[in-house]
Each structure stands twice: as C-alpha cells, then as structure tokens.
Amino acid sequence: MGVFWSRGYHATALPDLLRATKLSRGSLYAAFGDKHSLFLRALDRYVADALTRMDIELAPRREAVDGLRAYLAGYVDRTSGANGRRGCLLVATAMELAGRDAEVDRRIASFFKVMEARVADALSRAKAAGKLADGVEPSSAARILVCFLWGLRVVAKTAPTGITSQATADALLGRFVR
C-alpha cells in the first residue's frame, strides 16, 4: 500500500513491489495475481482502515455532534503537516485512474457512498436529539461535509496549518448544528 501511495499506480514497478513485500516474483504472483490485483487489495485495505476510523469516530454510542466533531478533527489531523503533504491514496488514485479503471471507479464510488451514509446517519441522530439547525436536511448536509473532507485532502497537499483547517471544519459544522 505504501509504495502505491507514494508513487502512484502507473509509476510503481514490479521491482518496487518485490522490495516492499520482500517476496520473489513467483511468490508475489502466486499470492496476489498481478500488479492490478495487488493494487486493488491495497486500496481495499486503505478503505477498510478508513471505515474502521469512521466507525470509532461516529460510533452510535457517542453523542452525534461530538462524533461529527471527532470525525472532522480526525480528518484535520490526517491532513496536517507531513501527513497532509503525503496526501490520500484514494484522492491520488481517483486523480490517476478514475474513468480509466472500472474496478477502481466502483471501489471509490462505493466508499464515498458509505462515507456519506454514515455521516448522514450521524446527522440524523443529531436531528433526532434536537441538535441540528432548523432546515438542515441530513443527507444534503452529509454530501456537503463529504465534499469538504475530500477538498480538504486536496488542499492539504499545499500544507495549510492544522489550525486553519480545523477552523474551517468548525465553521462548516457550525452551519449545520446548534
């Protein structure tokens, strides 16, 4: 995953993957098939890690607005400093392969849909608790927040401060909650 993340799909060569996995060519092909299959497995792992973090940050046992704040703060943290300059494997993959690789398109679209649904669920719980601002519709607000987070990932490549990113996240969430 790290090699694809730092180099991109097309720039990653077989010798890079052999060094990273410490496998021989035959073992790599036996374990993963081809480069594309290995890449899809790496992308799936990245998504699984992101969903695990999301489940922790937006856990239903947590007060919904606190969960949303934790979720946004987690993104700010992951997009600040060296992490932000490294970027996001999903964003980099979308920029490199979207529209040219149906499996990648399917995986990214599926992740965005799940992400949006989980944020909408948290916003719905906030609405049920009377914590959502008047007129805010959870699914629309979720779509806006998800777009903001992916935009934050792109902007983070230019290394804004975590303070600036957090202030922006707080201002946006403040439009949706009481």
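Quick ground rules. This is a predicted model, where local features need pLDDT of at least 70 and side-chain atom pairs count only at pLDDT 80 or more, while totals for chains, interfaces and linings use all residues. Residues are numbered from 1 along each chain as its sequence is written, and side-chain values use heavy atoms, with hydrogens and water left out.

Now the overall picture. The protein has 10 helices and 0 strands. Helices here are DSSP runs of H or I, at least four residues, strands are runs of E, at least two, and both are numbered from the N terminus. The C-alpha trace spans about 60 × 30 × 30 Å along its principal axes. Of the 178 residues, 42% are buried. Buried means under 20% relative accessible area, exposed means over 50%, and partly exposed is in between, with a 1.4 Å probe and protein chains only. The accessible surface comes to about 9,300 Å², and 58% of that belongs to carbon and sulfur atoms. Those areas come from the Shrake-Rupley method with a 1.4 Å probe; for residues, only the protein chains shown count as cover.

Contacts next. A contact means heavy atoms within 4.5 Å. Take contacts between residues at least 6 apart in sequence: 69% join residues at least 24 apart.

Back to helix 9. Its buried residues include Pro138, Leu145, Phe148 and Trp150. The buried residues of helix 9 pack against helices 4, 5, 7, 8 and 10.

Helix 10 gives us a residue to look at: Leu172. Leu172 counts as buried, at 19% relative accessibility. It touches Ile144, Leu145 and Phe148, leaving aside residues up to four places away in sequence. From Leu172 to Asp134 is 38 residues in sequence and 15 Å in space, C-alpha to C-alpha.

Next, helices 5 and 8. Their axes come within 8 Å and cross at roughly 145°. Axes are lines fitted to C-alpha atoms, for helices over the stretch in contact, and angles run from 0 to 180 degrees between N-to-C directions. Helix 5 contributes Ala64, Val65, Leu68, Tyr71 and Tyr75; residues from helix 8 include Met115, Val119 and Arg125. The tally is 10 nonpolar, no polar and 1 charged. Nonpolar covers Ala, Val, Leu, Ile, Met, Phe, Trp, Tyr, Cys and Pro; charged covers Asp, Glu, Lys and Arg; the others, Gly among them, are polar.

Tyr71 also meets Glu57. Glu57 sits in helix 4. At 12% relative accessibility, Glu57 counts as buried. Its other contacts include Arg62 and Arg78, again not counting residues up to four places away.

Last topic: aromatics. The whole structure holds 9 aromatic pairs. Rings of Phe, Tyr and Trp (its six-membered ring) pair if their centres lie within 6.5 Å; planes under 30 degrees apart are stacked, over 60 edge-to-face, and the rest tilted. Phe112 and Trp150 make a tilted pair, 5.0 Å centre to centre with 50° between the planes. Phe112 is in helix 8 and Trp150 in helix 9, 38 residues apart. Phe112 is partly exposed at 29% relative accessible area, whereas Trp150 is buried at 10%.
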